Structures are given as C-alpha cells and as structure tokens.
Amino acid sequence: MQRTDGTPLLTAQGLTMSYPGVKALGGVDFDLRSGEIHALCGENGAGKSTLIKILGGIIPHGAFGGKVTVQGTECRFNGPADALQSGIRVIHQELALCEDLTVAENVCLGEEPSRFGLLDRKRMRLEAAAQLERLGLMDINPDIRAGTLPVGLRQMVEIARALRHPSVSSKTSSGSKVLILDEPTSALSAREAERLEATLHRLRNEGYALLYISHRLDEVFRLADRITVLRNGESAGTLERNEFNPDRVISMMVGRTADELFPTRTVVTAGSDSIPITVPLLSVRNWILPSPQNPDKHVLENISFDLHAGEILGIVGLMGAGRTELAESLCGLFPLQGRGEIKVEGKAYVPKDAGHALKHGLALLCEDRRGHGVMPDKSVAANSTYASLRDYCLGGWLIRRDKELEAVNGQINTLRIKTPNPHFNTGNLSGGNQQKVLIGRWLLTRPKILILDEPTRGIDVGAKAEIYRLIQKLASEGMGIILISSENEEVLQLSHRILVLRNGHIMEERTGGELELEEAMSIAAGGTT
Amino acid sequence: MKRALVLLIAIPLIWVLFHFLSGGAVLSTGNMVNLFKYMTVTGMLAAGMTVVIGAGYIDLSVGSLLGFLGAVTAWLLQSGWGLWAALLAGATLAIALGCLHGFLVAWLRVPAFIATLSGLLAYMGLKQYLANPVIPIRDTTLLSLGQGYVAGIPICVLALLIAATLCHFLATRTRPGRHAFALGSNREAARYAGIPIRGITVFAFALMGLMAFLAGLTATSQLMAGAADVGDYQEMYAIAACVLGGTSLRGGTGNVWMSLLGAVLMASILNGMEQMGVTSTVQKVILGLILTGAVAVDQAVGKGKNG
C-alpha cells in the first residue's frame with residue numbers, strides 16, 4: 001500500500017547506556033524504515049535487550065545517552081505507554097498474557113470495546129476473531145482460556161493484541177507503525193514460524209516498520225530486508241539484502257567463522273570400543289501418554305526406542321509432536337502417568353517424580369529455563385546444587401559448604417560459566433550462562449541419561465558452540481543423551497541417531513548424517529511418510 | 001546487607017528520639033530490658049515465620065496456637081504432670097499441629113492462607129475454652145523463663161537468641177532449609193529439580209509449630225498464667241517483623257536475623273510511644289502506618305521486593 005522505501009521512520013543516534021559497572025551500549029546508530037523488516041542480530045550481552053528497552057520506553061528518556069527520533073521529532077518517553085502512543089509496540093520474549101482470561105479478552109486487553117460503559121462481549125469476540133484471522137489463526141477459539149494454549153499459540157495471541165492496538169493498527173492514525181519483535185520464533189514450531197513470517201511480510205507491505213530480533217540466522221536471511229549487527233554494545237554494521245552472507249554475519253557477531261560452530265561428529269557404532277554391545281541404558285517400549293485435556297486422546301502413541309551409552313539420540317518434530325511430553329513423562333514430570341514398559345539398564349523403571357528419576361540416573365534439562373529451571377534470586381552455587389545437595393551433606397542433612405563450593409567451582413571452570421563469583425545472583429547472568437548453570441546442576445547429579453530439551457534456546461552463538469562441544473564430550477565419556485531441539489540443524493548435526501516425531505508417533509528412525517534437513521522437515525510436517 | 005545497616009542505625013536513632021520526646025524514659029537499663037523482654041514472643045514467631053514465608057507460604061495460626069499451647073502446658077501442670085513431661089507433651093503437640101498444617105497444604109492442597117486461617121479460629125476457640133478461668137503457673141523453673149535473669153540478661157531473651165540461631169542454622173546450613181527457600185523462589189523449578197516439595201512444606205510448618213510452642217511458654221511464663229487472650233494478634237506482628245526485615249511475601253528471600261531486627265524496630269517504636277504516654281489504640285494506628293510506609297519507601301528506593 002504505502003511502501004515508502006528509504007525514508008527513516010525511526011532513527012537512533014549515538015545511543016549509550018550504562019548500568020552500574022557495565023556499559024550496555026556504547027554508541028549505537030541505526031534507522032528503521034517504513035515497509036521494511038529490519039533484523040537485529042548479536043550475541044547475548046551485545047546490547048539488543050537494552051536497545052529494545054530504550055525504543056519501547058522501558059528505559060525512560062534521560063536515563064540513556066543519545067537520541068531517538070520518530071518521524072523527525074525527538075522522542076522523550078517516560079514509560080512504555082508513551083512509546084505505545086507514538087505507535088511503537090514491543091512484543092517481548094517473555095510472554096505477557098493474562099492466562100486466566102480468554103483469548104478474546106487478551107487480544108482486547110486495555111482497549112475493550114464497550115457499550116453504555118459495559119463490556120461489549122460480542123464485539124470483543126468479533127474483533128479478536130478478525131485479528132486472529134488476519135494472522136491466519138482461524139483455528140484458535142477466542143473463548144478458550146489463553147493459559148491452555150501451547151506456548152507457540154500464546155505468542156501469536158500476543159502479536160494479535162499488539163496489532164489491534166489503535167495507534168499501531170489504525171491506518172488513519174498519524175502515529176507511526178513500528179512493531180518490535182524480540183525473538184518471536186524462539187518458542188514456535190516451524191509451521192507457526194512460517195505463518196508468522198507470512199504475516200510479517202503482509203505487515204511490511206502495509207507499511208509497518210518491523211524490527212526483528214532473532215538468534216536464528218536462516219530465518220533472518222529469509223525474512224529481513226536489512227540486518228544490523230550489534231557487538232559489545234556497538235553497531236558492527238548494517239547489511240543490505242544483497243550483502244547477506246551467513247559467514248559474514250556470524251563473524252561480525254562473534255569475530256570468528258561459522259565452521260567452528262558445530263564440532264565434527266564422532267562416528268559411534270554399537271560394538272566399537274566406545275560402545276560395547278550391552279543392555280541399552282534406556283529402553284522404552286510401547287509408551288503411551290494420555291492427553292491431560294482429553295483422556296481419549298493420546299499425546300504419545302506406542303513410542304519404542306533404545307538409548308545406548310555414549311549415544312546422542314536426536315528427536316526432531318514440530319511443536320505439539322510430543323517431544324517435550326516424552327522427555328517430561330520419562331522423568332515423571334508429566335501430569336499424567338504413561339503406560340508401557342521402560343527399562344533403565346535392563347531394570348524396570350516406572351517414572352514417579354524428578355527426584356525418583358534422578359535416583360535412577362535420569363536428568364532433564366527442561367525447555368522452560370525461566371519457569372521450570374532457574375531460581376533467579378538464588379546464588380549460582382545454590383542453583384548448581386539443588387538437585388544434588390545430598391551429596392554435599394553430612395548425614396544427608398548438614399550442608400558442608402566447602403565440599404559444595406569445590407564442586408560448584410569445578411562446574412564454573414569446566415563449563416566456563418561467566419560469573420563474578422559463585423555467590424552471584426543467577427538471575428543477573430546472561431541467558432547462556434544461566435543455561436550453563438542448569439546444565440551444571442544436572443551434571444552434578446552424575447546422570448547416566450541426560451535429556452536436553454531445547455538446550456540452546458535463546459542463547460548466543462558462542463555459548464551454543466560451547467554447549468555442542470560439551471554434549472559431544474559427555475557422550476564420548478559414556479553418557480546417553482537425548483537431544484530435543486526446534487533448531488533441526490543442531491539435532492541433525494550432533495546426533496548419532498535421529499527419531500522424527502509427528503503427532504505423538506515415531507515416523508522415522510535414521511542414523512545421524514543420513515537425514516537431510518529438508519527431508520526431516522517434510523517427515524515431521526507430514527509431507528511424506 | 002545494606003538493609004541490615006539501615007536497621008542497625010535506625011533502631012538506636014529511634015531510641016534516642018523517643019528518649020527526648022518522653023523526657024528521658026527510654027534509655028534506662030530497666031526500660032531497655034523491658035523492651036527486649038517484650039519483643040521475645042514476636043521474635044520467636046518471626047524466626048520461624050521467616051522460613052515459612054521463605055518457602056512461599058504464610059502461617060496465620062501462630063498467634064492463637066501459641067496461646068493454646070501455653071494454655072495446654074499450664075493445664076497439664078495444673079493437672080499434676082511433671083514439668084518435663086508437660087513440656088515434652090506440649091512440644092509434641094506443637095510439632096504435630098505444624099505437621100498437620102503442612103499436610104493440609106502439601107497433600108490436600110489447601111492454600112496455606114486458608115489452612116492456617118482455620119487454625120487461627122480453631123486454636124482461639126480451644127484456647128478460650130481451656131484458659132477459662134485463667135490457669136496460674138506455679139512451677140518456678142517455667143516461671144524463670146519469662147521472669148528470670150542470667151548475668152543481668154533476661155532468660156527469655158537468651159531463649160530467643162538460641163531459637164533464632166537454630167532457625168538461622170536450619171535455614172542456611174541444612175538441606176531442608178536450603179530447599180525451603182528454593183521452593184519459595186520458584187516452586188515449579190524446585191519440582192523439576194527433584195526437591196521433595198511435600199516434605200519440605202511439612203518441615204517449614206513443623207518448625208513454625210515448635211517456635212510457636214516456645215513463644216507460648218515464654219508468653220505464659222511472662223504472664224504467670226495461661227490466659228484466654230495470650231498471643232492474640234501475634235501472627236500479625238511476626239509477619240510485620242519479617243517484612244520490616246526485608247522478607248518478601250512472594251517467598252524465596254528472608255533472613256532470620258533480619259526479621260529479628262524488624263521485631264526490635266517494631267518493639268522500639270511501641271515502647272517509645274508507651275513511654276510518651278500514647279494510648280495503645282493510637283499505637284496500633286501508628287504501627288500500621290509505619291509498616292506500610294516502610295514498605296512503600298522500600299519500593300520507591302527500588303531494590304525492595306516486598307509484596
């Protein structure tokens with residue numbers, strides 16, 4: 001409609017921001033045009049979050065250096081409401097839905113249609129349905145409680161809400177139309193991400209200026225018109241579409257090349273030196289898991305597989321395929337009991353709860369780091385030993401701090417956790433380092449089987465490479481590893497064996513290296529069988 | 001510990017301020033001893049409450065419970081039980097009731113607020129039934145807990161220090177204590193980490209029960225009788241002391257010694273007003289304002305996590 005290429009809608013000049021002791025931004029310049037998707041890349045700690053906080057008004061005017069102008073006038077935001085008034089809407093990585101309200105209520109939150117001062121529920125439903133339709137989400141029932149939706153769909157509801165806000169959505173409004181999305185696809189399945197991409201293309205053509213933050217470079221290359229890379233709080237440069245090149249972007253981000261990202265796969269076959277043929281570490285037969293929402297439906301259907309010592313077993317599948325449910329049910333963390341037969345080292349095992357699983361040597365690094373992982377106001381040391389504290393206790397009771405600290409320091413060194421000291425609040429670490437603390441928590445339980453559910457979600461390229469190397473090292477030392485990730489490339493690159501899950505069924509089992517990305521996706525999505 | 005410094009400076013300042021306002025009545029040895037004797041019951045409850053709140057719960061029953069446990073002990077003594085037998089029975093009952101609270105919360109999933117609110121009502125009724133008429137205490141050993149001195153220090157203050165040391169030790173140096181605060185910090189993460197949530201919940205409430213028993217003995221001994229109104233509103237003072245000491249009602253944080261400083265702060269303000277001749281009705285209003293004001297200042301300064 002009104003693609004006005006070239007004219008900057010929003011400009012940031014010389015942005016600087018310091019927290020006590022830390023310089024978050026050291027002079028960032030960039031501009032955002034109407035009708036473009038502008039990707040912002042950078043490692044964790046590069047300053048992306050700070051930049052978003054400034055643009056979204058969370059860091060008020062005066063607290064940072066430099067200036068932000070929208071349509072030629074300088075912005076002096078005192079809070080997010082001011083930014084919203086200027087048409088800047090931020091969709092944060094952490095979802096901000098009211099889980100107890102319905103989808104329609106969430107979409108209309110703060111701007112509820114009313115009649116005679118009373119809520120007009122009918123219009124609210126219609127408006128919400130219209131917004132959802134615009135996003136291609138006709139399958140979401142506006143009357144369902146938002147909390148019952150999977151994470152991926154909740155994200156979409158939040159985008160629907162952002163687009164509905166009058167100053168952002170109204171085509172007649174004088175306000176600018178800026179939509180900032182912070183890692184919008186980190187929780188989405190490939191199909192949902194595709195939907196989102198289509199929507200973003202449409203919004204771009206409607207003249208929106210979209211600032212898109214993502215760790216997934218393939219996505220950025222597909223989607224973006226321009227890429228700005230931040231490194232250590234400074235702009236490392238802006239690339240036009242014809243300059244896009246993965247190696248170049250990665251080296252701009254980290255100062256090293258992409259080849260170093262994935263370690264070479266060690267070939268492991270049963271019967272070789274590293275894996276003698278013995279009973280499998282974990283053997284799952286006909287594992288059936290009922291759905292908590294609908295007892296007649298099964299989340300998992302007749303899942304059977306073995307996991308051997310020293311093996312990395314990758315699980316590929318779309319969101320909702322049952323990957324996380326499989327991981328959680330094996331550790332007794334799923335709300336319902338599964339049926340079937342599980343053996344750990346040949347002995348029957350019935351999942352009960354996480355403590356029971358740990359006793360049998362099963363540890364799960366769960367996908368929801370904030371919700372189910374970290375105790376943010378507790379120290380790195382405490383977070384590291386929550387699952388293994390008994391090992392550092394006299395009589396299972398009295399904590400021996402010296403022993404504990406020794407073990408924690410060991411983890412900090414081997415995992416290269418960047419923390420000033422073991423007593424530092426875990427919540428103040430970067431996402432990648434929090435993840436390492438959690439990996440350390442599970443390693444300290446000395447598991448035989450380590451299940452990693454989205455181990456690299458929301459962490460930067462450098463930390464990813466370290467985690468990949470760690471996974472390989474652990475496997476080579478004889479641990480059995482189940483690797484679940486939405487980043488299919490990492491599963492395909494790292495795994496010795498790969499299961500493709502679709503709708504709770506194992507559709508395919510392949511040896512690592514024999515499955516190409518496109519084929520895996522097509523099996524997972526149901527293109528072929 | 002910035003807050004510790006603030007409290008350690010504020011408390012003497014309050015003494016000096018009220019000393020002058022009251023015409024020199026506060027900073028006498030006799031009054032200071034009284035002030036600390038007065039805060040022991042709240043302090044004992046606050047020590048246990050720090051762990052309960054740290055685990056993400058609340059215990060509203062402790063005021064009635066301490067009165068009830070004190071009355072039970074007094075009644076057992078009156079009925080001819082020996083002191084140690086009565087104390088053992090009282091402690092067992094206290095821990096059992098604490099475990100009951102924990103059971104209701106952890107197994108039957110009754111919210112702690114409701115379970116202990118029910119306890120508040122139930123123990124209040126039992127206490128009023130049992131202590132009508134008042135049961136005098138004649139056992140000299142028990143009386144010395146509330147009345148006696150060792151080297152010029154009231155025995156009840158020593159008892160408080162021992163109780164607080166025990167709670168602090170349990171909270172920071174033992175597995176159940178560490179896990180209790182993990183529970184309050186992120187309950188789901190605690191479940192995923194294999195922390196035995198139910199056991200830890202029972203632990204926190206049982207410890208609270210034991211502290212209520214000690215507080216009940218102290219209060220009964222100070223009054224020299226098991227009476228119907230012993231312990232009334234003490235649960236509120238204990239929670240207020242925790243909050244003044246920086247404990248977040250959202251759970252996960254809290255320090256026993258800080259809660260004790262909160263209790264001293266509160267007692268100092270009440271004592272100062274008492275010495276000025278402010279009536280007890282006005283004292284309550286002012287205390288309420290101070291509590292809210294302190295938390296509001298805390299939030300405005302920014303670091304606060306009270307709620």
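**Figure 1. The salt bridge between chain B and chain A.** In this predicted model, the interface of chain B and chain A holds 1 salt bridge. Its partners are A:Glu404 and B:Arg178, whose closest N and O atoms lie 2.7 Å apart. Polar contacts can be looked for here too: 12 residue pairs make one across the interface of chain B and chain A, both residues of each pair being at pLDDT 80 or more. On the chain B side, helix 7 (155–173), helix 8 (175–185) and helix 9 (187–192) each supply at least two of the residues that touch chain A. Helix 8 of chain B gives the largest share, with 7 residues. Sorted by class, the side of chain B that touches chain A has 10 nonpolar, 9 polar and 6 charged residues.

**Figure 2. The extent of the interface.** Let us step back to take in the whole contact between the two chains. Here 25 residues of chain B are in contact with 31 residues of chain A. Between them, chain B and chain A bury about 2200 Å², and carbon and sulfur atoms give 55% of that area. Which residues of chain B lose the most area to chain A? They are B:Arg175, B:Arg178 and B:Tyr192, which together account for 36% of what the chain B side buries. B:Arg178 is also the chain B partner in the salt bridge with A:Glu404.

**Figure 3. Helix 7 and helix 8 of chain B.** These two helices pack at an angle of about 75 degrees, with their axes 5 Å apart. Helix 7 of chain B is therefore roughly perpendicular to helix 8 of chain B. From helix 7, the contact uses B:Leu170, B:Ala171, B:Thr172 and B:Arg173, while helix 8 brings B:Arg175, B:Gly177, B:Arg178 and B:Phe181. The contact of helix 7 with helix 8 of chain B comprises 3 nonpolar, 2 polar and 3 charged residues.

**Figure 4. Helix 2 and helix 10 of chain B.** Now for another helix pair in chain B. Helix 2 (residues 29–54) and helix 10 (residues 197–223) of chain B pack at about 175 degrees, and their axes are 8 Å apart. That angle is why helix 2 of chain B counts as roughly antiparallel to helix 10 of chain B. Residues in the contact include B:Val41, B:Met44, B:Leu45 and B:Gly48 of helix 2, and B:Phe205, B:Met208, B:Met211 and B:Ala215 of helix 10. By class, the residues of this contact divide into 16 nonpolar, 4 polar and 1 charged.

**Figure 5. A salt bridge linking two strands of chain A.** Over all chains, a search of the whole structure finds 28 salt bridges. One to look at joins the side chains of A:Arg226 and A:Glu36, at 2.9 Å from N to O. A:Arg226 lies in strand 11 (residues 226–231) of chain A and A:Glu36 in strand 3 (residues 36–41) of chain A, so the pair ties together parts that are 190 residues apart in sequence.

**Figure 6. Two backbone details in loops.** Most residues other than glycine have a negative phi, and most peptide bonds are trans. Where is A:Gln71 found? A:Gln71 is in the loop between strand 4 (65–70) and strand 5 (73–74) of chain A. Its phi is positive, about 50 degrees, although A:Gln71 is not a glycine. In chain B, the peptide bond from B:Asn132 to B:Pro133 is cis, with omega near 0 degrees. B:Pro133 belongs to the loop between helix 5 (112–130) and strand 1 (135–136) of chain B.

Definitions and conventions. Residues numbered from 1 in each chain as written. Chains lettered and ligands numbered in written order. Predicted model: local features only at pLDDT ≥ 70, side-chain atom pairs only at ≥ 80, totals over all residues. Heavy atoms only, no water. Contact = heavy atoms within 4.5 Å. Buried area = accessible area lost by both parts, 1.4 Å probe. Salt bridge = Lys/Arg side-chain N within 4 Å of Asp/Glu carboxyl O. Polar contact = N/O pair within 3.5 Å; in protein donor to acceptor, adjacent residues only side chain to side chain. Helix = DSSP H or I, 4+ residues; strand = E, 2+ residues; numbered from the N terminus. Nonpolar A, V, L, I, M, F, W, Y, C, P; charged D, E, K, R; others polar. Axes fitted to C-alpha atoms, helices over the stretch in contact; angles between N-to-C directions. Parallel < 35°, antiparallel > 145°, perpendicular 65-115°, else oblique.
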